[in-house]
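Morning, everyone. I will take chain A briefly, then a sheet in chain B.

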Amino acid sequence: MDARRESEPSPMKNRTTVERKSERELVVTRTFDAPARIVFEAWTKPELFRRWWVPKSCGLTLLECEQDVRVGGRYRLVFSHPSAPKPMEFFGRYLDVTPHSRLVWTNEEGGDSGQVTTLTFEETAGKTSLVMRDLYASKAALDEAIASGSTEGSSETFEQLDELLVTLGASLGRS
Amino acid sequence: MRNALTPLMFIVFGDVSARQSSALGLPLRAANTCCILNHMVQYHQTHFDASFAALSDATRRGVLEQLGRADASITELAGKFHMTLTGMKKHVGVLEQAGLVTTQKVGRVRTCRLGLRRLEEEAAWIERYRQLWDARFGELDKVIVELKQQEKPNGRKTRE
């Protein structure tokens with residue numbers, strides 16, 4: 001491996017925003033420098049999706065990734081972690097699939113009352129503005145989701161992730 | 001002190017396995033799970049003391065749970081927990097001291113809501129959640145650059 005660490009050519013990084021829009025709703029936004037069809041493809045093809053979705057900082061391994069991207073189709077993701085007694089499974093169903101513009105899916109691993117995620121892709125002048133909305137069943141459900149994650153080791157986790165991204169960036173840059 | 005921390009973790013942040021339910025962005029939940037475990041050990045004891053004293057009582061834990069669903073007056077809380085007003089005032093006072101609950105008196109009604117600490121935690125959580133997605137989207141950018149490259153008619157590769 002000729003691990004030559006070139007500084008990443010990342011001219012201007014698009015900003016990610018997260019906002020609690022209402023008692024029940026959490027919204028993530030980001031712009032991508034590509035047409036909507038490409039961004040959509042990266043979300044809906046398992047072989048592409050699995051390349052960017054998994055946060056490796058916590059030692060998670062994505063064991064399985066199935067996506068049957070059509071209305072009524074199901075998805076299923078299975079992760080393992082050394083500290084988890086058994087693999088963790090996340091799954092749900094696609095409620096709406098409008099190629100290159102909209103994806104809606106349920107999150108059912110916790111039962112019927114899980115949040116519903118709506119993803120929209122809006123293309124302007126070759127760029128895609130992505131908006132992801134998580135709508136929870138109640139204020140309590142979103143509060144709880146936040147509270148259960150509130151002791152997460154913050155900066156350290158992301159520093160680890162940063163290191164990893166640099167490494168990945170270097171190896172990707174060679175291909 | 002491990003024993004003392006465990007019930008608090010359970011009450012305030014939820015039992016990890018049970019709460020896997022409401023997954024917020026799929027792997028994030030998994031990430032939270034392991035980070036919570038790591039973090040339990042590192043968490044500063046001082047932060048816990050007041051909270052833990054406040055949470056050592058079943059009624060007060062019930063009150064927090066209740067306020068997590070909706071704000072409530074002392075009278076409503078007293079009714080729900082079958083207590084006298086004075087008794088409930090005392091409990092709310094302890095929670096207030098620990099920063100877990102804030103109260104506001106409007107007219108004759110004192111309304112209780114979850115305290116500032118909870119809000120601060122929410123803000124911190126949202127920032128971490130943002131960083132996670134930012135990192136994830138950073139990776140997505142790389143995939144996208146590749147796909148664009150493949151689409152170019154004069155690119156190195158052609159699309160299959």
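Helices and strands here are DSSP runs numbered from the N terminus, with helices (H or I) of at least four residues and strands (E) of at least two. This is a predicted model, in which local features need pLDDT of at least 70, side-chain atom pairs count only at pLDDT 80 or more, and totals for chains, interfaces and linings use all residues. Residues are numbered from 1 along each chain as its sequence is written, and chains are lettered from A and ligands numbered from 1 in the order in which they are written.

Chain A has four helices and eight strands. Along the sequence they follow β-β-α-α-β-β-β-β-β-β-α-α.

Now chain B. Strands count as paired if DSSP finds at least two bridges between them. On that basis, three strands of chain B form an open, antiparallel sheet in the order E1-E3-E2. E1 (72–73) and E2 (101–106) of chain B are at the edges with a single partner strand each, so one side of each has no neighbour in the sheet. E1(B) runs antiparallel to E3 (residues 109–114) of chain B, and two bridges join them. One residue of E3(B), Thr111(B), is the bridge partner of Ser73(B).

Helix H5 (residues 58–69) of chain B packs on this sheet and touches E1, E2 and E3 of chain B. Contact means C-beta atoms, placed from the backbone, within 7 Å. Angles run from 0 to 180 degrees between N-to-C directions, with axes fitted to C-alpha atoms, for helices over the stretch in contact. The direction of H5(B) makes about 90 degrees with that of E3(B).

Methods: Two residues are in contact if their C-beta atoms, placed from the backbone, lie within 7 Å.
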